[in-house]
Structures are given as C-alpha cells and as structure tokens.
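Please read it alongside the sequence and the structure.

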Amino acid sequence: MKKKQKEKKSLTSFSILFLIIIALTVASWLLAGQPFAPSLPAGQEEMVSQVVGAKFSDFFMAPFNGFRDAIEICVFILCLGGFLNIVTRTGALEAGIQHLVKKLKGNELILIPILMILFSIGGSTYGMAEETIPFYSLLAITMVASGFDTIVAAGTVMLGAGAGVIGSTVNPFATGVAMDALRSIDIAPNNGTILVVGALLWLVTTAYCIFVVMSYAKKVKADKGSTILSLQEQKEMEEHFVKDTNEALVFTQKHRLILTIFGLSFVIMVVSLIPWGDFDIHVFDGWTAFLTGNSFGEWYFGDLAMWFFYISIIIALIQGFSEKEIVTNFIDGVKDILSVVLIIVVARGASYIMQTTYLDLFILDRASHLLEGLSPVLFVIGAYILYLLLSFLIPSTSGLAYVSIPIMGALAQSIGLNPNVMVMIFTAGCGLVNLITPTSGVVMGGLELARVNYSTWTRFMRKPLLVIGVSNLLILIFSMLFL
C-alpha cells in the first residue's frame, strides 16, 4: 500500500521540466543586472554584458518557443510514430521478434554488445541522439521477449549512443563545431590530438557501458525479482511490451519483405545524416537529391519525416491495407508518440529561458575566472565540472560549443595548456550529463517510450555515472599533461 502511495507521488517528466523552467526564471530575476564579460563569438554585433531577468511572457511562452525551435524534430517524431504503428499492425515486427528470439534461444545476451557497439559508432561519428528515439520502444519489445526488462532496452540505446558521444571522434556537431570555434579565435586545432583522445574516451566508455548493461541483464534474466523497476513500471511493461508467446506466429515471406524495407529505411536514415562532405566524400552528391532536394549528408529531420511517411505508405500497400486503414493506423501511431513530442517541446523551453536571459553566458564567465591560476590537474577537473553544469542547462552540444569554446580554449592556451584537450573535456562533459539530464528531450522522450520513470533511470545510473566520470577525468588529465 505504501509503495502504491509513493508511486502516485512520483513526478512526471512534464512536471520535472516545468519546475526547471520555473527555477531558471526565478534565477534570472535574482541575478538580473549581474555583469559578465561579453563572450559572444567574433563577428556578433550585439555584445551582451549582463543577465536579463526573464519577463513573465518569456516564462509563459517558453514551451511554444521550444516547439518553434524544435519543429523539424517534432514533425519527424510524429511521422515516425505513424510509420512504426503501420509496421506493427502488419504483424511483421512481432513475428520477426519471435523468430529472432527463437533463433537466439539461450544466447540473447549477444544482442546487447552488438547493438551498443553500433549505437556507439553512430554517437562517435555523427552524434547520434534524436535518431535513437524509435529504437526505445522497438528494443523494449525485443528485450522483454528475450527475458530482460525495459531498463535493459533503455540502457542499450542510451548508454550505447551516449558512450559514443562522450568519445566523439569525427562528430561534426561536437568536435567539428568546437574546432571551428577554436579557429574563430585564431587557434589552429590539431585533428590528430583530438582523434586520439576521443578514441581513448570512446573505447573505455563503451566497454564499461556494455559491461554495466550486460551485468544487469544477466541478473534480470536469472531472477525477475532483481529488476529495479517499480511495481507500476512492471505493470506497464506487461501491458505494453509482453506479447503472447504461446501463440506461434508464422514468419511469412511478406513479413520478411516488410522487415527488409523497415531495416533499409533506418540504414538510409543513418547514411543520409552522416556529413560526407566534411570527410571529403562526394559519392552521394547530386543523384541522391531527387527525393527531397538535398543529397545524402545534407538531410535533416524534415527530410527524414517525409522519408518515413512515404515508406509507411509503401509498407501499408504491401500488406494490403485499405486507404482508410492506412490513414487510421498512421494517425493512431502519431497519437501514441505525441507525449514524446510534448516532452521535447517543454525541454527546449528550458533552453529558451537560458538563452533569453543570458544565464548561460553569466555562468560560463564566472566559472572561467575561477579556473585561472589552477594547476593542470585542477584545471581539467574544474573545466570538466563546469561542462557538467553547462550541459545540464544547454543540452545542445553545438550550441554549447558555440558559446563556450572561444572562452575556454583561449583560457587553456593562455595558461600554457592544450586547447585541443579542452575540446575533448567539452565533449566528455556534455556526453556524461546528456545521459541523465531532464532538460534533454532524448532522455525524457526515450524513457517515456520505454515506460521507465526518470527516477528509476537515475537510480540505475548512480554508479555508472561516477565510474564513467572518473575514468574520463583520468584520460583527460593524462592527455593534458602529456599531449
């Protein structure tokens, strides 16, 4: 009875995010007028030098402005919801998962390292984040059918891609933007140093994250009572992800065709998002633009939204759905995933308040002054902690690089330290916090799809966060001292 009462008192993702918006608004009032050194990049005409208190209208309109900033990702997710529901209604997904589980009988654990390595590669090479959202519900079904729980599904996706982002090597949205920021203050970045440090962070973090998820999965597989899910979460897992395994589904040729198209659609998604031009690869230029007007490597969420929209129609026609069934099933899928869109909207609202009031620049300026005069070891630790805080307030890696690297890179060089290692301090700090921050639409949206409470996820991540943080710091300190 006490457990049920406690469960009723737990805050939803929306409540947590609205409380953060309120707290940021109040903080801007308390700090209004506090000066800081203008720190916008060169070429920015308007130089802001003090915190601006948020108007009530800023607070009131924050979710709408968050939606305006995130319109492309929101449309993408809605179309993705319709696509996934149509695939689900064909029965191909359930039959395919049942077929896979039978094939892997006794070897289901092998799925975890394979998938986490793939997600990790995506995170390290192009910052795979929002693109992981559809995999939370898909893997929840697969992992639960394999005898695990939804924490295993969430951990496989979030820790897999997150480990890659922490060790970004050629990620254009993290290391790429950060290197451009260094160039804006006339510091030539060293690609070799950044690649070596990134690879070290990537390999160590990915290996540990795989160990964490597999260790937990083994315990749950052996004893369902070892799950950390609450009773309410276990009930939701049963309702949403447990399928009737007593009914053997026939895996038909039509199912194979649908799942082949389903898989290829995600392959195209990944290929279309990798910035090939940044790697001087031009094989996709021109001829791949016939679909959306943009070649592979230039696609964004608007292009992907239409890609999945049309693929869902193709799959529905293969299955033999009528026009009414296509429309009804697509809309039902949109409704199912709408909560994720709303979470992303409110999360972006928190970022809007930070940028409107210049709290982000104020915190960065004050913290950078505190780091002056420290030893290299203390400087790395202090800078890492600073990025943990800033990443909580600014989940966008490219946005954070834009405002922080010109300051932090210049500060590192001025005291005789390596500004290239500062780039990796930035990516490691961002990556760690973005595994748990409630201001990230990916974290909150992914957990919503996997039916995992935010409080449960933070409890699962307590020890991993500490171990990842310490291992990152050791690598970064070594790199700052010897590279």
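The count of salt bridges comes to five. The model is predicted.

**Salt bridges**

- Lys55 pairs with Asp58, and their closest N and O atoms are 3.8 Å apart.
- Asp58 counts as buried because its relative accessibility is 7%, and buried means under 20%.
- Arg183 and Asp180 form another salt bridge, with the closest N and O atoms 2.5 Å apart.
- Both residues lie in helix H9 (residues 172-184), and because they are three residues apart there, about one helical turn separates them.
- Arg183 is partly exposed at 43% relative accessibility, and Asp180 is partly exposed at 48%.
- A further salt bridge joins the side chains of Arg348 and Glu130, at 4.0 Å from N to O.
- Arg348 sits in helix H14 and Glu130 in the loop between H6 and helix H7 (133-145), so this pair ties together parts that are 218 residues apart in sequence.
- Arg348 has a relative accessible area of 28% and is partly exposed.
- Glu130, at 22% relative accessibility, also counts as partly exposed.

**Glu108, a loop residue**

- Glu108 is found in the loop between helix H5 (92-103) and helix H6 (111-126).
- Is Glu108 buried or exposed? Glu108 is buried, because its relative accessible area is 4% and the cut-off for buried is under 20%.
- Its side chain makes a polar contact of 3.4 Å with the side chain of Lys221.
- Leaving aside neighbours within four places in sequence, Glu108 touches Val101, Ser146, Phe148 and Lys221.

**Thr227, another loop residue**

- Thr227 lies in the loop between helix H10 (191-222) and helix H11 (231-241).
- Thr227 is buried, with a relative accessible area of 14%.
- A polar atom of the Thr227 side chain lies 3.2 Å from the backbone nitrogen of Leu229.
- With neighbours within four places in sequence left aside, the contacts of Thr227 are Asp149, Tyr216, Val220 and Gln234.

**Nonpolar core**

- The largest nonpolar core holds 162 residues, and the members that touch the most others are Phe76, Phe83, Ile425, Trp457 and Leu476.
- Helix H14 (residues 323-357) gives the most to this core, with 14 residues.
- What does Phe83 contact, leaving aside its neighbours within four places in sequence? The partners of Phe83 are Phe262, Ser265, Phe266, Phe308, Ile311, Ser312, Ile315 and Phe330.

**Nonpolar surface patch**

- Phe56, Phe60, Met61, Phe64, Phe67, Ile71 and Val75 make a nonpolar surface patch of about 660 Å².
- Helix H3 (56-69) and helix H4 (71-89) each supply at least two of its residues.
- H3 gives the largest share, five residues.
- Met61 is placed in helix H3.
- As background, nonpolar side chains in soluble globular proteins tend to be buried together.

Methods: Residues numbered from 1 in each chain as written. Predicted model: local features only at pLDDT ≥ 70, side-chain atom pairs only at ≥ 80, totals over all residues. Heavy atoms only, no water. Patch = residues over 30% accessible without salt bridge, like charges linked within 9 Å, V, L, I, M, F, W, Y side chains within 5 Å. Areas by Shrake-Rupley, 256 points an atom, 1.4 Å probe, with all protein chains shown as cover. Helix = DSSP H or I, 4+ residues; strand = E, 2+ residues; numbered from the N terminus. Buried < 20%, exposed > 50% of the residue type's maximum accessible area, 1.4 Å probe, protein only. Polar contact = N/O pair within 3.5 Å; in protein donor to acceptor, adjacent residues only side chain to side chain. Contact = heavy atoms within 4.5 Å. Core = buried A, V, L, I, M, F, W, Y, C linked by side-chain atoms within 4.5 Å.
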